Amino acid sequence: MIDEILGKARLNEGYVVELTRSLVKVPSVNPPGDESEIALLVGEELEKIGFKVNYVEPSPKRVNVVATLKGEGDGKTLLFNGHLDVVPPGNLENWSFDPFGAVVKDGRIYGRGACDMKGAIAAFIGAMKSMVDANIALKGDVIIHAVADEETGGKFGTGYLVEKGYAKADGAVVGEGSVFNRIICLRPAVRGLCWIELETKGKAAHASKPWAGVNAVLHMAMILSALKDFKLKCPPHKYLPAPTISPGTIIRGGVKTNVIPDRCIAHLDVRINPGLNDKLVLEQLNNLFNVLREKEPSFSVSMKILNYAPPAEIPEDSELIQYAKWAVKYVTGEELKLKAGYGSNDSQFLINRAKIPTICGFGPGDHQLGNAHGPDENVSIDILNAFTKIYSLLVYKFTTSS
Ligand SMILES: [Zn+2]
């Protein structure tokens, strides 16, 4: 059975490469965000294999594909999740290739989204096509969510599908890149993110008499430089890098050259691990601000959370991880390593809100060589083909297990 599946997956290698290229050629750039064309392409491909396809559009042009292939028994349901949107290509002068040309060179496909993460979506589809081509009768259902809006937080994508009850499964795989310098790994956890707006308040005055005012920009500068070396207290995690703070990713203050600014706004990007949450982050920052206030009594600062996504993780002994280890060993002969990346992703919705055991990242994108979000983004064709096989074995094992 397994060798029949792998035989079909080998025959589908060219199909997966061409499908990845077709997906890269559709510029589903977010912002502004328009997944309508690419969703249709993915939906039509899934229909050809036998999936029942629904399009869910929470806002005009923000289209999610929700596709189901029904199993013939009472096996478990597996959900694959991948995002259709990509970040803008940035400065074209830094690219050696057309970002939407999907050029193939030296065993790699180049273009925006090749690594993050259209290759994974093509591999999901290739894996399912191989199952169907091999006439495998699945016991459980397979659901594919090809979603909108991951790159700007997911409220029109996975967040919406979870909120509306579309995400129901016994296990899920988010196909975000998990290859580190050509080595296939699995991401069992993701950091959470907490975006904070700080506001300092001062007192406006004529700038020719600086002592008459309170300069809110200077107070903000004091905070931002204190934050540069500030470490959030958090229990260490076996895989995730320690929490980070990037202070002053946006800053606004002052209205005129000769007026002492009475207000300054700055944003912080904070990434956290299990053991921390938004409230604890605010508490620790407040303690720091209290120390600053002792030095500078006129100091006034407030904080507002702009966006919060908690960290998420799957237990290491979960069935899905055991099957993934087996599938990688079978296909590549290598032992699968668990390793975490720096970013946050849609798995937090599936784990924290839909309560589905979810692999936070398991896909062909390479963290060192793939250049996700940068120029000359690419994916290795060999690794893409390996993932098509790995996904098909994972589906087989999970949906037929009891
Ligand atoms: Zn991504």
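Biologist: Before we start, what counts as a salt bridge here?
Modeller: Happy to explain, and please keep in mind that this is a predicted model. A side-chain nitrogen of Lys or Arg has to lie within 4 Å of a carboxyl oxygen, and that oxygen belongs to Asp or Glu.

Biologist: Which residue does Lys389 meet in a salt bridge?
Modeller: The cut-off for such a pair is 4 Å. From N to O, the contact made by Lys389 spans 2.9 Å, and its partner is Glu13.

Biologist: How many residues apart in sequence are the parts that this pair ties together?
Modeller: Lys389 sits in helix H10 (residues 381-400), while Glu13 belongs to helix H2 (residues 13-25). The pair therefore ties together parts whose separation in sequence is 376 residues.

Biologist: Is Lys389 buried or exposed?
Modeller: Buried means under 20% relative accessible area. Lys389 has a relative accessible area of 11%, so Lys389 is buried.

Biologist: Where does Arg112 lie, the partner of Glu377?
Modeller: The side chains of Glu377 and Arg112 form a salt bridge at 2.6 Å, N to O. This pair links distant parts of the chain, 265 residues apart. Glu377 is in the loop between strand E17 (358-359) and strand E18 (378-380), and Arg112 is in the loop between strand E5 (108-110) and helix H4 (114-133).

Terms used
Residues numbered from 1 in each chain as written. Predicted model: local features only at pLDDT ≥ 70, side-chain atom pairs only at ≥ 80, totals over all residues. Heavy atoms only, no water. Helix = DSSP H or I, 4+ residues; strand = E, 2+ residues; numbered from the N terminus. Buried < 20%, exposed > 50% of the residue type's maximum accessible area, 1.4 Å probe, protein only.
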